[in-house]
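Subject: Structure for your review

Dear colleague,

A summary of what was found among its side-chain contacts follows.

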Amino acid sequence: MNSASIAFSATAPIHAAIAGEALIDLIRRPDGSYLPCLGGALYNLCRALARQGVGTQYLNPLSRDRFGRELAAQLAADGVVLARPDPVQQVTSLAVVNLDAHGHPDYAFYREGVADRAVSAAGLGDSCAALPALQLVCTGALALDARDTAIYLPWLAAQRAAGRCVVVDANLRPSVMPDLSAYRIAVHAALAHADIIKASDEDLDHLAVPGADALARAKHLLAANSQAHLMALTLGAEGAWLLHRNGAQCFAKEAQPLQVVDTVGAGDSFLAGLLVHLLRQAQAAGGEGFVPFVEALTADACQQALRHALASASLCVVEQGCVPPGWEAAVAWSLTRPATLHQR
């Protein structure tokens with residue numbers, strides 16, 4: 001199957017609904033000043049999905065302040081639909097980002113009384129109910145804060161009951177959570193609702209998942225969450241694994257080193273690339289819907305989706321900040337750049 005031949009139009013029905021933080025990353029520059037960049041893991045995911053042609057709705061409100069207006073304008077430019085187009089009084093969340101020598105970010109968040117947290121489980125559910133073509137919902141990262149479980153956990157349960165594919169990106173931020181134990185419990189509670197889980201090797205360490213190495217921990221996490229069918233494990237420059245409950249295991253890594261500018265948004269671009277490729281495969285296959293397609297995914301289909309996800313992340317890390325690629329660019333990268341690929 002040539003997935004590149006299946007195209008979504010700019011006016012496609014909404015297939016993905018995303019809930020979670022939208023914020024401003026204040027990235028420290030070498031001279032000590034800070035560069036404001038639009039960000040937030042779920043905000044980045046919205047942009048990345050829309051840029052690859054998926055009809056996407058962002059469910060949380062945005063602020064009426066200048067940063068909120070800029071966040072809204074960028075979503076509109078990328079083709080993302082706002083569930084709540086009217087801005088709210090609360091201010092925009094801020095994240096101060098310091099990059100280490102390898103371009104890896106360290107975050108400090110300012111999120112009290114902010115716009116993206118001015119939401120309820122009922123409000124999220126009502127927005128999703130108005131989307132007849134909705135195939136998947138996703139949350140993760142800061143939305144998994146134990147203080148917000150009353151918002152997101154009932155919503156995830158309702159979406160799963162409605163037959164939508166639930167995607168949870170662990171994407172932990174332990175350094176900014178006041179109670180790490182409660183945070184771990186909240187993350188695991190969200191993962192229990194997921195059809196598709198994404199986590200990094202660092203996430204698995206923070207979650208204290210048992211296992212001799214990251215792959216063993218990922219297998220344990222998938223086995224421990226009986227409703228999940230697919231587990232994506234990212235290892236940074238060392239590549240990524242995609243594990244299916246049916247036993248399929250696929251690995252992909254860029255064969256040549258990349259000129260990394262920074263890794264901001266890389267995981268979000270990876271997840272978007274994975275989901276859009278799976279959505280396109282499901283659309284091409286026809287069938288009963290996205291969840292049954294994921295449940296019956298073959299090893300070859302996993303490998304194709306994983307390579308596209310890795311290409312999407314690679315294109316992001318060679319840019320400053322989160323600049324998610326389009327579908328055609330990621331396809332071209334996959335076709336022209338060598339990669340180490342194997343299945344078990």
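This is a predicted model: local features need pLDDT of at least 70, side-chain atom pairs count only at pLDDT 80 or more; totals for chains, interfaces and linings use all residues.

Arg-307 and Glu-254 are both buried, where buried denotes under 20% relative accessible area, exposed over 50%, and partly exposed anything in between (1.4 Å probe, protein chains only). Their side chains form a salt bridge with an N to O distance of 3.1 Å; the term requires a side-chain nitrogen of Lys or Arg within 4 Å of a carboxyl oxygen of Asp or Glu. Because Arg-307 belongs to helix α10 (residues 299–317) and Glu-254 to strand β13 (residues 249–254), this pair ties together parts that are 53 residues apart in sequence. Helices (H or I, at least four residues) and strands (E, at least two) are DSSP runs, numbered from the N terminus.

Residues are numbered from 1 along each chain as its sequence is written, and side-chain values use heavy atoms, with hydrogens and water left out.

Across the whole structure, the search finds 12 salt bridges. Among them is the one between Asp-116 and Arg-111, at 2.7 Å from N to O; Asp-116 and Arg-111 are both buried. Another joins the side chains of Arg-117 and Asp-148 at 3.1 Å, N to O. Arg-117 is in the loop between β7 (105–110) and α3 (121–129), and Asp-148 is in the loop between β8 (136–140) and α4 (149–161), so this pair ties together parts that are 31 residues apart in sequence. Asp-148 is buried, its relative accessible area being 5%.

Rings of Phe, Tyr and Trp (its six-membered ring) pair if their centres lie within 6.5 Å; planes under 30 degrees apart count as stacked, over 60 as edge-to-face and the rest as tilted. The ring centres of Trp-241 and Phe-251 are 5.1 Å apart and the planes stand at 50°, so the pair is tilted. Trp-241 and Phe-251 are both buried.

Finally, the charged end of Arg-280 sits over the ring of Trp-327, 3.8 Å from its centre; the criterion is NZ of Lys or CZ of Arg within 6 Å of the ring centre and within 35 degrees of the ring normal. Arg-337 likewise lies over the face of Trp-333, at 4.0 Å from the ring centre.

Yours sincerely
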